[in-house]
Amino acid sequence: MRAIIIKLLQNIGGIGLLAFLLMMISCQGGQDVYLYEVNELEVSGTNLEKSNLKTDLEFLSLAYSDLFGTTISENALNQLVNSYNAVGDKQLIADYIILNMLEAPGASIPSDQEMRADVDAFIKDTYKKFFVREPSEYERWYLQQLIEQDTEISPEQMYYAFLTSDEYRYY
């Protein structure tokens, strides 16, 4: 046995054998095993992943679809695009087009009572509808405080803010 240990020391080295012996001594049976469980968490996308700018046609078409729940007719889309392209200030004309869509009959906008009855659900639904993502905790808190503290804020104004935001212009 002594010859085997000496041979191992020569081949492995003293430190290697010492590490091997310590490892063998430390492996004891019957020790408690701890199992840590992790709750599943659904992760949704953020606006950081949105890097593609919507074309003018996509922007107008999607805004119409988001507000009316149906696709825009080709004729109506052509009229919107022509109006959009006729004005040099694209942000200004986009604001006017969105305002007209929000005021048009048939636009699917919750009432003020519906918004205030469940502000958190309104915020979540609005983020999903326009940004295709969940709001962050801060976004939820901030908008909830804003809506609850200012009775003058309407669902139309909230929709206008979302539709004219930079994030809505990207996918």
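The model is predicted, so to speak of local features pLDDT must be at least 70, and side-chain atom pairs count only at pLDDT 80 or more, while totals for chains, interfaces and linings use all residues. Residues are numbered from 1 along each chain as its sequence is written, and side-chain values use heavy atoms, with hydrogens and water left out.

Met101 also belongs to the largest nonpolar core, which has 33 residues. Such a core is a set of buried Ala, Val, Leu, Ile, Met, Phe, Trp, Tyr and Cys residues joined through side-chain atoms within 4.5 Å; buried means under 20% relative accessible area and exposed over 50%, with partly exposed in between (1.4 Å probe, protein chains only). Leu60, Leu67, Met101, Phe130, Met158 and Leu163 have the most contacts inside this core. At least two of its residues come from each of helix H3 (56–68), helix H4 (74–86), helix H5 (90–103), H7, H8 and H9. In soluble globular proteins, nonpolar side chains tend to be buried together.

Let's step back to the whole chain. Its secondary structure comes to nine helices and zero strands, with helices (H or I, at least four residues) and strands (E, at least two) taken as DSSP runs and numbered from the N terminus. Of the 171 residues, 29% count as buried. Among contacts between residues at least 6 apart in sequence, 71% join residues at least 24 apart.

Now look along helix H8 (residues 137–149). Its 13 residues reach 18 Å from first C-alpha to last, close to the 18 Å expected at 1.5 Å a residue; that expected span is 1.5 Å times one less than the number of residues. Which residues of H8 are buried? They are Arg140, Leu143 and Ile147. These three lie on the same side of H8 because they cover an arc of only 80 degrees around the axis, judged by the directions from the helix axis to the C-beta atoms. An α-helix has 3.6 residues a turn, so residues three or four places apart point the same way. The buried residues of H8 pack against helix H6 (112–117), helix H7 (119–131) and helix H9 (155–163), whereas Glu137, Tyr138 and Gln149 are exposed on the other side.

Finally, visit the loop between H7 and H8, where Val132 lies. Val132 has a phi near 55 degrees, a positive value in a residue other than glycine. Most residues other than glycine have a negative phi. At 70% relative accessibility, Val132 counts as exposed.

Definitions and conventions: Contact means heavy atoms within 4.5 Å.
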